[in-house]
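Let's take a friendly walk through this structure, one part at a time. Keep the 3D view open as you read.

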Amino acid sequence: MKAGEVKAKELRTRLFKEEDILTLPKLYRDNWRKWGKQVAMRQKDYGIWNEYTWNSCYEKTRYFCLGIISMGLEPGGIVCFIGDNEPEMYWAMFGIWAARGIVVGCWTTSLPHEIKFILDHSEAKFMIARDQEQVDKMLSLKEELRHVKKVIWWEPKGMRDYTDPWLMSFDEVVELGREYEPGHSALFDDGIDQAKPDEVFMMAYTSGTTGLPKGLERTHKSILAALRQVISLFPVSNEDNTIPYLPPAWFAEPIVGSGIHMTTGMALNFIESPDTIAIDMREIAPSWMLFIPREWESIGSTIQVRVNDAGFLKRTTFNLFQPVGFRIADLATEQKTPNLFWRTLNAMARGVAFRPVLDKVGLWGARWGVTAGYTMGERTFRFWKAIGIDMRQVFGASEQGLISGHMQGDIRTNSVGTLLEEAAVRIDDSGELLINSPAMFTKYHKNPKLTKEAFEGCWFHTGDACSLDDGGHLYFMDRASELGELRSGLKFSPQYIEAQLRFGAYISDAMAVGDKEKDYVSAIINIDFDSVGKWAERNHIPYTTLVDLSQKEEVSELVVKDVIRINRILPEHARIKKFAVFHKAFDPDEAELTRSMKLRRGFMGQKYTDLVESIYAGKWELLVEAPVTYRDGRKGMTSAALKIRSVEGK
Amino acid sequence: MSERAKLKIEGLSLSFGDLHALVDINMEVRGREVLAVIGPNGSGKTCLLNCITGFYRPQKGRISFDGQQVTKLPPHKITKLGIARTFQGIELFTGLSTVDNLLAARHLFFNSVAMGAPAGAIYFGPGHNEEIRHRKVVEDIINFLEIESERHKVVGMLPYGMRKRVDLGRALALEPKLLLLDEPMAGMNLEEKEDMARFILDVSEERRIPIVLVEHDMGVVMDIAQRIVVFDFGHQIAEGTPVEIKRNPAVVKAYLGAEA
C-alpha cells in the first residue's frame, strides 16, 4: 500500500473513533500543526503559480475569524457568499466555521432577486461577494435587505471608487482581526474547541429543479461521515492535488473541495480564470477530477473532434489503438484479466496514443475520474475507461450525501456502484429509493413541515427511481417523477436518452419528449456550435448565425447520423422517431436549465408546446418565436423557422 | 473648469493640397476625463489623432502636452513623452503571441539595448532581470483586460473583438499619460462593445489618465464620455457635455440633415 493510502486509512479510522469530538476546524488546526511549512494552496495569478503554506493560510483564516467576530458574528450566525473558487473565499469560510458561523452560497450567475430570496430566507448578517459585479448586485438590493450588515469583497478591480461604508474588503477584515487580537486572541481557539459535531456549519439551497430553493442544513458530523465515505472510495492524502472548481454554492463542494482539504490535506489549486481551466489543469495534473456526466461527455467529444482534426499520423495512431483500449475496458468490466498479448498492446497504446491525449486535457495525473449527478451514458463511460481513466460513478444528492459508488475492481458501467458501508437503503413498492445514512442532511432550514414530509421515521424519501441487483449494485433510472410513459404504457428515461445524445460529437444538448398521449419518443436537439461550425467550414458550407447554421439541410443530415447510431443502443420503444434541431442554446437565464445546468423539463415542455405538438401532428416546419434574455437583463425575441425531421427520412 | 489642461490644441489646421482636413481647431483635454471626438465620416477625427501623435505635420497651430510643445516632434519621441494610441484598423504583429505583442510595446523601456547588444543577447544577467521586470507589467495588463486565456495564442488567430482588446493592452503597456483610442468599438457586436466600454471606464478609474475617444457609436459615447467635441468637414462645430451636445442644433444638423 502506498504511503498516501495508509494516511487515508488512518484518517478514516480516526473519523470513526472520534466521531463525537471532531469538527472540520479541529481537523484543520491539527493539519496546520503537522504541515505548517508545506504547501496547502496554489493560485495561478499573472501566469505564475503562487504557493501558500499551511502557516500563511492558517494566519489569514485566524485573523479573518477574529475580524468578523469583532464585527458581531455570533455562533450560529449566518454568512452568505457569492463568488468563484479563490483562496480568499476559502479562508473566509474556514474563519467563519472557526467562529462557529454558518455559510450559505449563492450561484455567481444568480440574478439579484434570487440572491435576495436566499438572504431574506437565511437572515444572513454578512455577505461575502467576490467583485464589482457581485457588489453591484448587492448595492442594487441595499434598500430592500433587512439583515445584511456588511458586504465583504476581495477582488479589488474596479472597486477603487466605491466609498459606501456598507462595503469592506477582505484585507480590511483581516486587518481588523489583527487589531482585535490583543486581549481577544483566545477567541479563535475557543471557538474551535467549543464547537460540537452536531452543530450546523453550512447550508445549501437546492438548485430548484422543483419549485423555490429549499435550504438544507448540514452538520459537522454529517459532512465528516460523507468525507469518510469519500476516502473509503478514493484514498487521498496531503500528497494529492485537486482543483476545487465545483461552484461553492453547491452542496457537494465541501466533499471535494474545502472539506476534503481540511481533513485529508489534499492541496487546493486555484485556476487563473474559468477560461484558462484547460491550461491550468494541464499544469497541475490533478489526482482526481469530478465532473458531471455532461462535462465528461463534452471533454470526450472535444477529444474526438481534435483527433479528427489532427494530422494523418496522429489520427491513425489514435484510431489504431483505440480498439485495444476498448478491449481492455470491456475485460475489466467483465472482471477478467487480459492476457499478456493484450497487456503489452495496452501498454503501447497508453504510451503512444492515450497518455499524450490525456496530457492535453490535463488528466495525465488523474488516478480517478469521478462522475456524479446522474448516470453517465455507457458509451462515454467506455470511452474514458478505454483511454485509461479509472472512471467511477458515485451516487448521492443534495439531501443524502453519498449512497453508492464504484469500488475498486467491481465496476459495472451502467450501475451507480455498490452501496457504501454506512448507507442503508430500501426500495419501496413504487420503485422509489429510501435511505438512512449518517451523511444525510439534518433538516430544511425554517421548514419543519417539509422536513416532516421528507422523512418516514429515519428514512428519507429520495424521489429517485432505482433498482438493486444481486451483486449489490444500485441502478439509477431517473427521478421517480421524471420517468416518461408512452401511450403504450412502456416507460422510458428521458435523461438516459439525452445523455446518449449529448455524447454525439456534434450535439451539445438535447431534450427527449414523450408522454401518455404520444406513441413514440422525439427529441429537441442543440447542436454544438463550435464543432458544427468547424465542420461547416471544412465542408465549405456558408452560414451566418447559429440560427442559420442550425437549420441547414446538411446539418440535419449530420445530426441524423448521430441519432441513428444512438437509436441502436436504445430499447425499441424508446427510440427517437423524429427530432428538430433547436435554433438557440438552452439557457439558465431563461430558466430552461437550472443553475447547475440540469434541464427543466416541465418548464421547457410548456414553453415550447407548439413545437412538441407540431412534431406529433406531422408538420415539417414551424415558426418559433423564443424570448431571449441578454446578459444585462434586457429581453428580446428570436424567431426561426424550425425544420422537423423524421429519423427514417421524409 | 479649473483643472489644468493635459493636452492643449490651439489653432490647429491641416490640409492636403486644397483639401482642408482640419480648420482652426481649439480644444483641450483635462485632468482624467474621457473626452469623445465625434463627427460624420471624413470629418477629420483620425487626422486629429495623427497630428497629436506626430504622424501628420499640421501647417498651422500648436499642440502642447503637459506644457511642452510637441507639434514638431517625431512620433517615437511623442510616445516617449507618454501619449499612446490604438488604431482603427488593428495594427498588431499578427504572427506574434499576445504576450510578445505587449512586450514589444515595452521596447521603449528596455535598457539592455542601450547597455550594448551583449547584455541583451545573453540569457542571464541584466537582460534576464529586465525581461522579468517588463513581463510583470505585461502580466498586470493581461490580468486587467482579462485576456489570460489568450496569453500564448498567436494574435492572428484571435477573434476581432479580442484583437481590439490586445491593441488596447499594447497602448497600456506604454504606461501612457494620455490615451488616444481610435474607434475602439468599430465592427464589434453588442456584447464586445459592452466589454470594451467597461474596460475604458476601468482604465480611466484605475490608471487615472485622460482618454480621447474617437467613436461612431453614439450610444457608447453618450454613456461613457464626460465631454464631447463634434467635428464636421474639418471644423469644430460644438463642444460640451453629452446632454448639451444632444440639444445642440448644429450637431443635429450635421448628423440628421438641414431640416431637423
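## Two domains of chain A

In this predicted model, the C-alpha centres of domain 2 and domain 3 of chain A lie 25 Å apart. The domain bounds come from an automatic or database domain assignment, which gives domain 1 (3-230 + 241-272), domain 2 (291-479) and domain 3 (484-646) for chain A. Where domains 2 and 3 of chain A meet, 15 residues of domain 2 and 10 residues of domain 3 take part; a contact is counted if two C-beta atoms, placed from the backbone, lie within 7 Å.

Which elements give two or more residues to the domain 2 side? They are α13 (293-309), α16 (378-386) and β22 (474-479) of chain A, and α13(A) gives the most, with 7 residues. Helices (H or I, at least four residues) and strands (E, at least two) are DSSP runs, numbered from the N terminus. By class, this side of domain 2 of chain A has 5 nonpolar, 6 polar and 4 charged residues. Here Ala, Val, Leu, Ile, Met, Phe, Trp, Tyr, Cys and Pro count as nonpolar, Asp, Glu, Lys and Arg as charged, and the others, Gly among them, as polar.

## How to read the numbers

Residues are numbered from 1 along each chain as its sequence is written, while chains are lettered from A and ligands numbered from 1 in the order in which they are written. Since the model is predicted, local features need pLDDT of at least 70 and side-chain atom pairs count only at pLDDT 80 or more, while totals for chains, interfaces and linings use all residues.

## Helix α7 of chain B

Helix α7 (residues 190-207) of chain B has 18 residues and should span 26 Å, which agrees with the 25 Å between its end C-alpha atoms; the expected span is 1.5 Å times one less than the number of residues. Its buried residues are B:M196, B:A197, B:I200 and B:V203, where buried means that 20 or more other C-beta atoms lie within 10 Å of a residue's own C-beta atom, placed from the backbone. Seen down the axis of α7(B), these residues fall within an arc of 120 degrees, so they line one face of the helix; the arc is that of the directions from the helix axis to the C-beta atoms.

The buried residues of α7(B) pack against β3 (34-38), α6 (160-173), β7 (178-182), β8 (211-214) and α8 (218-224) of chain B. Just after α7(B), B:R208 takes a positive phi of about 55 degrees.

## Where the chains touch

In all, 11 residues of chain B are in contact with 10 residues of chain A. On the chain B side, α7(B) provides the largest share, 4 residues. That side has no nonpolar, 2 polar and 9 charged residues.

How values were computed
Buried ≥ 20, exposed ≤ 12 C-beta atoms within 10 Å, placed from the backbone.
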